[in-house]
Amino acid sequence: MGYPMAENLLRAGHPVIVWNRTGAKAEPLRQRGAAVADTPEEVGRRAQIIFMCLGDTAAAEEVCDRLLRGVQSG
C-alpha cells in the first residue's frame, strides 16, 4: 500500500522521501524521483509529514520509535 501512495504523491509533484526495511524495495521509487533515506531517523529529520504502512503492530512500534528519534521540534 505504501508504494502506490508514494508513487501518487510523486506524480502530483510532491517531494517524497522513503525508507523501507528491505532497501531494494525503495529503489523503484528512487528511479521515479523519491529521495531514499538510510534510516527511519533520517526520515524523521527530513520530513514534514510522515505516512507509514507496516504489516503489524510490532513493526509499527519499532519503526515509530526510531523515526521519532529524528523528529525535530517545530
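1. E41, R66 and R69 are linked in a network of salt bridges (a salt bridge being a side-chain nitrogen of Lys or Arg within 4 Å of a carboxyl oxygen of Asp or Glu). A search of the whole structure finds 5 salt bridges.

2. The model is predicted: local features need pLDDT of at least 70 and side-chain atom pairs count only at pLDDT 80 or more, while totals for chains, interfaces and linings use all residues. Residues are numbered from 1 along each chain as its sequence is written, and side-chain values use heavy atoms, with hydrogens and water left out.

3. E7 and R32 form a salt bridge through their side chains, at 2.7 Å from N to O. E7 belongs to helix α1 and R32 to the loop between α2 (27-31) and β2 (35-36), so the pair ties together parts 25 residues apart in sequence. Helices (H or I, at least four residues) and strands (E, at least two) are DSSP runs, numbered from the N terminus. E7 is buried at 17% relative accessible area, whereas R32 is partly exposed at 47% (buried is under 20%, exposed over 50%, partly exposed in between; 1.4 Å probe, protein chains only).

4. In helix α3 (residues 40-46) lies E42, whose side chain meets that of R46 in a salt bridge of 2.8 Å, N to O. E42 is buried at 15%; R46 is partly exposed at 48%.

5. R30 pairs with E27 in a salt bridge, their closest N and O atoms being 3.0 Å apart. Both residues are partly exposed, R30 at 43% and E27 at 31%.
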